[in-house]
Amino acid sequence: MAATPDPASTGVRTLIPARIDRLPWSPFHTRMVVALGVAWILDGLEITVASAVADTLTKPETLHMSSAAVGLLATIYLAGEVVGALFFGSLSDKLGRRNLFMLTLAVYLVGSGLTALTLGNGAGWVIFLYATRFVAGMGIGGEYAAINSAIDELIPARYRGRVDIAVNGTYWAGAVLGTVGTYILLNRMDLSLGWRLGFLIGPVLGLVILLVRRHLPESPRWQIMHGKADAAEESIAQIEQEVEHTGRSLPPVDEKKAIEVTPAERIGYVALARVLFRDYPSRAVLGASLMISQSFLYNAIFFTYTLVLGKFYGVSSAATPIYLIAFAVGNLVGPFTIGHLFDTLGRRKMISGTYVVSGVLLAVTAVLFYAGALNAITQTIAWCVIFFFASAGASAGYLTVSEIFPLEVRAKAIAVFFAIAQCFGALGPVIYGALIGTGEHPVRLFIGYLLGAAVMIAGGLVARFLAVDAEGKSLEDIAQPLAAAGRRGRTRAEGASSPFST
């Protein structure tokens, strides 16, 4: 079953993808998902902590920053995520998944840890604070590209959908942790110490996970595609041995599933653009549509959540964490309870369904809001129901862009669509913040909710027609590697007969 050179070509014949996909679920997979999936918990934690301490940082006993200066922190963090995703995504395809998921977590640890060491409010310290938030964002952005790639390439095909969706959904576990942690720290400790400890919650968790990640293998799929046949054999053998040691028997490998590949050439972002928009145009439209629509909706609602509670329902800032926890729990439950349906009912039905249902429910809620039929509690319940579906759909957006493109460009493709989504998503808080205003014109927010509903429904309709039926399929069957024998030298003129076609 080892990867062997084919004397008739420069390629390597390998069964490694088939060996990975035939594995039963084991403690190895659980450990891997926990060690890698913490990236989303950390991002949810960071966003929530930054939001929770925003008002605290304006007080004289902390940094005495202006509201505008504090608001800029979120923008800089998001900008760091975009830069980190693009930079580390490229390195992940070049240097390997394991090297990058160790490096990106270390970058995050440094950035977020140093944030707590902002000791003054002078110009130099403010620049230092912004720089540390940018670095922390870079680490998390890089995590998205490296981690999604690694998880998809190491999880057996029949489990890939539900695992990816559940892992992405744990962002909201981080939000709950951040909300509870900062609520305790800011209300039970001196403010000048409490906000700093809030930013240290993530690094403490990340440091523990860094130790666990040290023992995870490199992706054998990445290794074989980059001419590292011996290393790939060693990695897959290590995984198989660990699975067998738990008492599970391994089914035989179907020899017909062997593929022949040649070592991959380095592919930059220009070449990636050609792959995406020339060879996979419908998949590129699908990925962009799903990522943009979910990002716009989430940023619009989540970043203005407390404003709506305060301006329209009179909820005090001290009570908003309770509502935030309820909102986060609703988002967390969705991916964990219906995630398996993306593997059974299928990607097309579930992705289009969750997007359209969440959009329709938002439109209904908008009407109830404008009619004055909601209060703070019923509004929160409505949002919980909406985002029960929207959260699973949003997670499926990340799943989609991580499995429908060839292995050699997977991390960069994730990075590109993540960056596009963040850029469009950044418009949400600005638009909805203006619509909320002083809370005197609910019709403006009513129109804004209808806009968000239309965006989600549009994303669902795109998925209905363009989604890839990837459930239960090997990654190599969904998108044949660029390095696979027979792919090179083909042209657009071959049309549908080309492996590049959608």
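Domain bounds here come from an automatic or database domain assignment. For this protein chain, the assignment gives domain 1 (13-237) and domain 2 (266-479). The structure is a predicted model, in which local features need pLDDT of at least 70 and side-chain atom pairs count only at pLDDT 80 or more, while totals for chains, interfaces and linings use all residues. Residues are numbered from 1 along each chain as its sequence is written, and side-chain values use heavy atoms, with hydrogens and water left out.

Start with how the two domains sit against each other. Taken over C-alpha atoms, the centres of domain 1 and domain 2 are separated by 20 Å. Contact means heavy atoms within 4.5 Å, and in this sense 46 residues of domain 1 touch 48 residues of domain 2. The size of an interface is often given as the accessible area lost when the parts come together. Buried area is therefore the accessible area (1.4 Å probe) that two parts lose on being put together, summed over both. Domain 1 and domain 2 bury about 3,800 Å² between them, and 70% of this area is on carbon and sulfur atoms. Of the area that domain 1 buries against domain 2, R160, I165 and W172 supply 19%, more than any other three residues.

Next come the charged pairs. Side chains of opposite charge can pair when their charged atoms come close. A salt bridge is counted when a side-chain nitrogen of Lys or Arg is within 4 Å of a carboxyl oxygen of Asp or Glu. The structure holds 19 salt bridges, and five salt bridges are counted between domain 1 and domain 2.

Follow E403 through two of these pairs. The side chain of E403 meets that of R160 in a salt bridge, at 2.8 Å from N to O. E403 also forms a salt bridge with R347, where the closest N and O atoms are 2.9 Å apart. This second pair links distant parts of the chain, with E403 in helix α17 (residues 376-403) and R347 in helix α16 (residues 347-370), 56 residues apart. Helices are DSSP runs (H or I, at least four residues), as strands are (E, at least two), numbered from the N terminus. To say how covered a residue is, its relative accessible area is used: buried means under 20%, exposed over 50%, and partly exposed in between (1.4 Å probe, protein chains only). E403 is buried because its relative accessible area is 2%, and R347 is buried because its value is 1%.

Two further pairs reach helix α10. R22 and E240 form a salt bridge, their closest N and O atoms being 2.9 Å apart. R22 lies in the loop between α1 (16-21) and α2 (27-52), and E240 in helix α10 (residues 229-244), so this pair ties together parts that are 218 residues apart in sequence. R22 is buried, at a relative accessible area of 12%, and E240 counts as buried at 8%. The other pair is R31 with E242, whose side chains meet at 2.5 Å, N to O. Here R31 is in helix α2 and E242 in helix α10, 211 residues apart. R31 counts as partly exposed at 25% relative accessibility, and E242 counts as partly exposed at 26%.

Salt bridges can also be followed as a network: D93, R97, E153, R410 and K412 are linked in this way. R97 is also one of the contacts of E218, which are, leaving aside neighbours within four places in sequence, L95, G96, R97, R98, N99, Q223 and S235. E218 is placed in the loop between α8 (191-213) and α9 (220-225). With 9% relative accessibility, E218 counts as buried.

Patches are made of residues with over 30% relative accessible area and no salt bridge; like charges are joined within 9 Å, and nonpolar side chains (Val, Leu, Ile, Met, Phe, Trp, Tyr) within 5 Å. Accessible areas come from the Shrake-Rupley method with a 1.4 Å probe, and for residues only the protein chains shown count as cover. F424, L427, V430, I431 and L451 make a nonpolar surface patch of about 440 Å². Helix α19 (residues 427-436) gives the most to this patch, with three residues. L451 is found in helix α20 (residues 442-466), and counts as partly exposed at 40% relative accessibility.
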